Amino acid sequence: MIRVLLVDDHEMVRLGVSSYLSIQEDIEVVGEAENGRQGVEKALELRPDVILMDLVMEVMDGIEATKQIMSARPSAKILIVTSYIDDEKVFPALQAGASGYLLKTSSASEIAAAIRATVNGQRVIEDEVNEKIQNQSYAEQYFLHEELTNREREVLDLIAQGKSNQEIAEELFITLKTVKTHVSNILSKLAVEDRTQAAIYAFKHGLVK
């Protein structure tokens with residue numbers, strides 16, 4: 001079963017999504033939260049496979065909640081489900097480490113499909129959001145690498161040098177699993193799809209030693 005946590009300040013939204021997901025044979029809603037702070041607490045307590053995260057909430061918004069969850073659980077899978085697609089929401093959410101970005105206009109079946117894809121390591125990005133990401137002139141306004149940790153910068157540098165995950169693990173004296181986690185975080189923070197795009201970004205912004 002794919003264990004899911006719902007974080008949204010609208011009870012009716014949580015009820016609607018939860019009702020649909022509850023009839024899926026492979027998905028189980030293990031908890032709900034009405035604001036980002038509760039979301040962080042439940043995410044760390046329940047350790048769900050996927051977290052559906054709203055962005056605009058009282059007490060703590062979804063971007064800050066995503067940052068805190070990813071800081072504590074780098075392997076967490078967070079799927080943003082929001083009504084907002086403006087500049088101030090999209091890139092900060094992806095920078096924070098979100099695995100995907102959907103709009104609430106998505107159907108329940110599309111959300112369920114996105115949950116399954118997210119668990120399998122795929123990034124699910126709303127078409128309108130993807131257009132923003134692919135627009136290079138837009139993306140260049142944001143220095144996404146500023147959100148990378150020092151270790152992630154080291155891994156990115158080695159990716160740009162053409163090193164494999166195993167070679168990176170040996171050079172940095174860390175486990176292969178840790179390398180894979182760092183690579184996943186780098187792709188999310190840079191809003192790129194694969195290692196090649198990450199390497200291109202690194203060269204373009206002078207991040208290669």
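Colleague: How many salt bridges does the structure hold?

Modeller: This is a predicted model, where local features need pLDDT of at least 70, side-chain atom pairs count only at pLDDT 80 or more, and totals for chains, interfaces and linings use all residues. Residues are numbered from 1 along each chain as its sequence is written, and side-chain values use heavy atoms, with hydrogens and water left out. A salt bridge here is a side-chain nitrogen of Lys or Arg within 4 Å of a carboxyl oxygen of Asp or Glu. On that rule, the structure holds 7.

Colleague: How many salt bridges are counted between domain 1 and domain 2?

Modeller: Domain 1 covers 2–140 and domain 2 covers 150–205, with bounds from an automatic or database domain assignment. Their C-alpha centres lie 24 Å apart. The salt-bridge count between them is 0.

Colleague: And which helix supplies the largest share of the side of domain 1 that touches domain 2?

Modeller: Contact means heavy atoms within 4.5 Å, and 14 residues of domain 1 are in contact with 10 of domain 2. Helices are DSSP runs (H or I, at least four residues), numbered from the N terminus. Both α4 (87–95) and α6 (127–134) supply at least two residues of that side. The largest share, 3 residues, comes from α4.

Colleague: What mean pLDDT does helix α7 have?

Modeller: pLDDT is the predictor's confidence in each residue, from 0 to 100. The protein averages 86, and 93% of the residues score at least 70. Helix α7 (residues 136–139) has the lowest mean among the elements, at 50.
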